[in-house]
Amino acid sequence: MDYRRLGRSDISVSSLCLGTMTWGVQNTREEAFEQMDHALAHGINFFDTAEMYPIKQSADTYGRTEEIIGDWLEARKCREKVVVATKIVGPGSAFPYIRGGETHHTPEHLHAAVDASLRRLKTDHIDLYQLHWPDRATNTFGKLAFEPNPEERMTPLEETLAGLEELVQAGKVRAVGVSNENPWGVMRFQALAEAGLGPRMASIQNPYSLLNRSFETRLAEVAIREDCGLLAYAPVAAGALTGKYLDGHKPPGARMTLWPENRRYFGEQGQAATRAYVDLARRYDLDPAQMAVAFVASRPFVTSAIIGATDMVQLRNNMAATDLTLSDELLADLEKLHARHTYPCP
Ligand SMILES: NC(=O)c1ccc[n+]([C@@H]2O[C@H](COP(=O)([O-])OP(=O)(O)OC[C@H]3O[C@@H](n4cnc5c(N)ncnc54)[C@H](OP(=O)(O)O)[C@@H]3O)[C@@H](O)[C@H]2O)c1
C-alpha cells in the first residue's frame, strides 16, 4: 500500500480507500466490522462514507452507515488511525426526510449536518468533509449536456465556503472536498479560497474507471495543478467490470440484480466495452477487478481509489490490486481499447 497527501493538508491517505455505502442494507453491522478490521490491518487508513448512506437510501436507514462506523471506532478505540471522510447531501427531491427536505450547502445546513454526522460517528472531528453533489443545476451522474435551470436556488459558493471555514475553525473538520463536481465548481472554490474566503478544496470525489474516463478530459489537469486529487469512486464500475453481469447474468444479491433500474454501466456500449476489458484481463491472466482497480489507483491525478465490497472474498481480491503493476504492454492495450470504446458510460 502506498500513501499520498490529501491536497495541501497534512493528512496522508492510503491509495485505496474503503467504500462503506453497502453497510446497513446489503451488509450487516458484523460484516462491516470484519471489512474495517481487515482493511485497517492491511494498510487501508481511509474510509469514505456519507450522511445519506447506506444505499439504496431511505428514511428508515438514513445515517445507519455512519452509526456502524462510529460503533466500530468506539469498539476498536482506533480513531486516530483512520482518516474518516463523510459528505453532506446536495439539493434534491429524493430526501424529504433530511432537514425538512430542502437540502442546501448553506452554513446552517452544513452545521446541522456535521453535528449529526459527528454524533453518529462518535467522534469530535471529521478528517475530510465533502459536498456530495453541487448545490446548483449542473451535469453530473451521467448527464452529458449542461442545461441551465432558471428556477434553480443555488447557494452562493462564498456562503458555502464561509460555512466550511467556520467548521474548520471550530475544529470539527480538518479538510474539505467536493464530489460529482465539474471544472467550473472546483476552480471557483479554489479561487475564492485563495482570496481568503475559506479553506481550499483538498479532493474531488468523482466516478472514474475503465468504463468512465471522462475525468481525464478536463478535471485531471485541475486535480494536478490545484493539488486537489481525485478520490475515484466506482473503480470496478459498481461490479460491472468483474464481468459477472455479461450475457444477461443476474448474480443473486448483487447490486444490479437488486436494483436493475441503475443502468449506467449496462447500455450497449457499456456492455461491449466491459467484454473487451474482461477479455483483455483474461488474456494477461489477470483478475478483471484487480486490473480495473490497479489502473485507477496508478493514474497520476488519483489520490485514492474508493473500492466497495459486499463480502470478504471481494475485499481481499480487490485489495490485492496494490501488489499489481500494470506492464507497459498492457497499458498500451488498455489505451487501444479506450480509443475504440471512448467514454461508454460517462
Ligand atoms: N460520491 C458519490 O456520489 C459516490 C457514488 C458511488 C460510490 N461512492 C463511494 O465509493 C464507494 C465505492 O463505490 P462502488 O461500491 O460503486 O465501487 P466499486 O468498487 O466499483 O463496486 C463495488 C461493488 O462491486 C461488486 N464487486 C466488487 N468487486 C467484486 C469482485 N471482485 N467480484 C464480484 N463483485 C465485486 C460488489 O457489489 P455486489 O456484490 O453487489 O455485486 C461491490 O460492492 C462507495 O462505497 C462510496 O463510499 C461515492
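The structure under discussion is a predicted model, in which local features need pLDDT of at least 70, side-chain atom pairs count only at pLDDT 80 or more, and totals for chains, interfaces and linings use all residues. Residues are numbered from 1 along each chain as its sequence is written, and side-chain values use heavy atoms, with hydrogens and water left out.

I begin with Glu194. This residue lies in helix H5, residues 183-194; helices (H or I, at least four residues) and strands (E, at least two) are DSSP runs, numbered from the N terminus. Setting aside residues up to four places away in sequence, Glu194 touches Arg200 and Glu226. With Arg200, the side chain of Glu194 makes a side-chain polar contact of 2.8 Å. A polar contact is a pair of N or O atoms within 3.5 Å; within protein, one must be able to donate a hydrogen and the other to accept it, and residues adjacent in sequence count only if both atoms are side-chain atoms. Is Glu194 buried or exposed? Its relative accessible area is 58%, so it counts as exposed. The classes are buried for under 20% relative accessible area, exposed for over 50%, and partly exposed in between, with a 1.4 Å probe and protein chains only.

Asp333 belongs to helix H11, residues 328-340. At a relative accessible area of 16%, Asp333 is buried. Apart from neighbours within four places in sequence, Asp333 is in contact with Leu280 and Tyr284. The side chains of Asp333 and Tyr284 are joined by a polar contact of 2.6 Å.

I turn now to the ligand. There are 33 residues around the ligand, and Asp48, Lys244, Arg255, Thr310 and Asn318 come nearest; a residue is near a molecule or strand if one of its heavy atoms lies within 4 Å of it. By residue type, the shell divides into 15 nonpolar, 14 polar and four charged. Here Ala, Val, Leu, Ile, Met, Phe, Trp, Tyr, Cys and Pro count as nonpolar, Asp, Glu, Lys and Arg as charged, and the others, Gly among them, as polar.

Which elements each supply at least two residues of the shell? They are strand S10 (302-307) and helix H10 (312-319). H10 gives the most, with three residues.

For Val236, a polar backbone atom is 2.8 Å from an oxygen atom of the ligand. For Gln314, the distance from a polar side-chain atom to a ligand oxygen atom is 3.1 Å. Taken alone, the ligand exposes 900 Å², and the protein buries 92% of that.

Finally, some remarks on the backbone. The peptide bond from Tyr53 to Pro54 is cis, with omega near 10 degrees, and Pro54 sits in the loop between strand S4 (46-48) and helix H2 (64-76). Lys56 has its place in the loop between S4 and H2 as well, and the Ile55 to Lys56 peptide bond is cis, with omega near 0 degrees.

Lys122, in the loop between helix H3 (107-121) and strand S6 (126-131), has phi near 55 degrees, a positive value in a residue other than glycine. Its relative accessibility is 38%, so Lys122 counts as partly exposed. Tyr343 is found in the segment after H11. Although not a glycine, Tyr343 has a positive phi of about 45 degrees, and with a relative accessible area of 29% it is partly exposed.

Definitions and conventions. Areas by Shrake-Rupley, 256 points an atom, 1.4 Å probe, with all protein chains shown as cover. Contact = heavy atoms within 4.5 Å.
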